[in-house]
Amino acid sequence: MESMRLYPPAYGIGREAARSTEVAGHPVPAGGIVIMPTWVVQRDARWFDEPEAFRPERWAHDAMRRLPRFAYFPFGGGPRQCIGNTFATMEATLVLAAIARRFRLALMPGQRVTPTPYVTLRPEPGIRVRLEGR
């Protein structure tokens, strides 16, 4: 959850307004596009202490229930939430567990991981690691 908070696959999610409305005091006409910046919202100090820090323990003790709705939405939300949400989370957990069981990973010296927004957020130019058997 913490990795997905800091590096959501969809760094921004757009929606088209079906009818005229208002969002946070701003008029949105029918057909207008609204972008929800996942990257920004999930790093908001109103919802997360030390928002730039990687702290997996922040999710202990049912922290998700204490957050406002959509303070954490790496896969979107509501009726348009990514259909692959559950599968992607399960798949990532299983793959990482299988790798971590057999290897230690060490970031190669001099590596700088830069998240780059394409259709999804990706590390540019990639991530080079050294695998050491356990």
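Guide: We can begin with the lining of the largest pocket, whose residues divide into 30 nonpolar, eight polar and three charged. In this count Ala, Val, Leu, Ile, Met, Phe, Trp, Tyr, Cys and Pro are nonpolar, Asp, Glu, Lys and Arg are charged, and the others, Gly among them, are polar. This is a predicted model, in which local features need pLDDT of at least 70 and side-chain atom pairs pLDDT 80 or more, whereas totals for chains, interfaces and linings use all residues. Residues are numbered from 1 along each chain as its sequence is written, and side-chain values use heavy atoms, with hydrogens and water left out.

Visitor: What makes a residue part of the lining?

Guide: A lining residue has an atom within 4 Å of a point of the pocket, which is an open set on a 1 Å grid where a 1.4 Å probe fits, with protein on both sides within 12 Å along at least five of seven lines. The largest pocket has 41 such residues, and Glu2, Ser3, Met4, Tyr7 and Pro8 lie nearest its centre. Two or more of the lining residues come from each of α1 (2-6), α4 (85-102), β5 (103-107), β7 (121-124) and β8 (129-133), and α4 gives the most, with seven. These elements are DSSP runs numbered from the N terminus, helices being H or I of at least four residues and strands E of at least two.

Visitor: Why is the pair of phenylalanine 48 and tryptophan 59 called tilted?

Guide: Rings of Phe, Tyr and Trp (its six-membered ring) pair if their centres lie within 6.5 Å, and planes under 30 degrees apart count as stacked, over 60 as edge-to-face and the rest as tilted. By this rule there are four aromatic pairs. The centres of phenylalanine 48 and tryptophan 59 are 6.0 Å apart and their planes stand at 55 degrees, so the pair is tilted. Both residues are in the loop between α2 (38-41) and α3 (63-66), eleven residues apart, and Phe48, Trp59 and Tyr72 form one aromatic cluster.

Visitor: How do you know that arginine 5 lies over the face of phenylalanine 48?

Guide: The rule asks that NZ of Lys or CZ of Arg be within 6 Å of the ring centre and within 35 degrees of the ring normal. Arginine 5 is at 4.9 Å from the ring centre of phenylalanine 48 and lies over its face, and arginine 43 lies likewise over tyrosine 7, at 5.5 Å.

Visitor: Why is histidine 61 called exposed?

Guide: Its relative accessible area is 72%, and exposed means over 50%, buried under 20% and partly exposed in between (1.4 Å probe, protein chains only). Aspartate 62, at 43%, therefore counts as partly exposed, whereas phenylalanine 48 and tryptophan 59 are buried. Histidine 61 has a positive phi of about 60 degrees although it is not a glycine, and aspartate 62 also has a positive phi of about 60 degrees.

Visitor: What makes β6 and β7 a pair?

Guide: Two strands pair if DSSP finds at least two bridges between them, and β6 (residues 114-117) and β7 have four, in the antiparallel sense. A hairpin of three residues joins β6 to β7, and proline 115 stands opposite proline 123 in β7.
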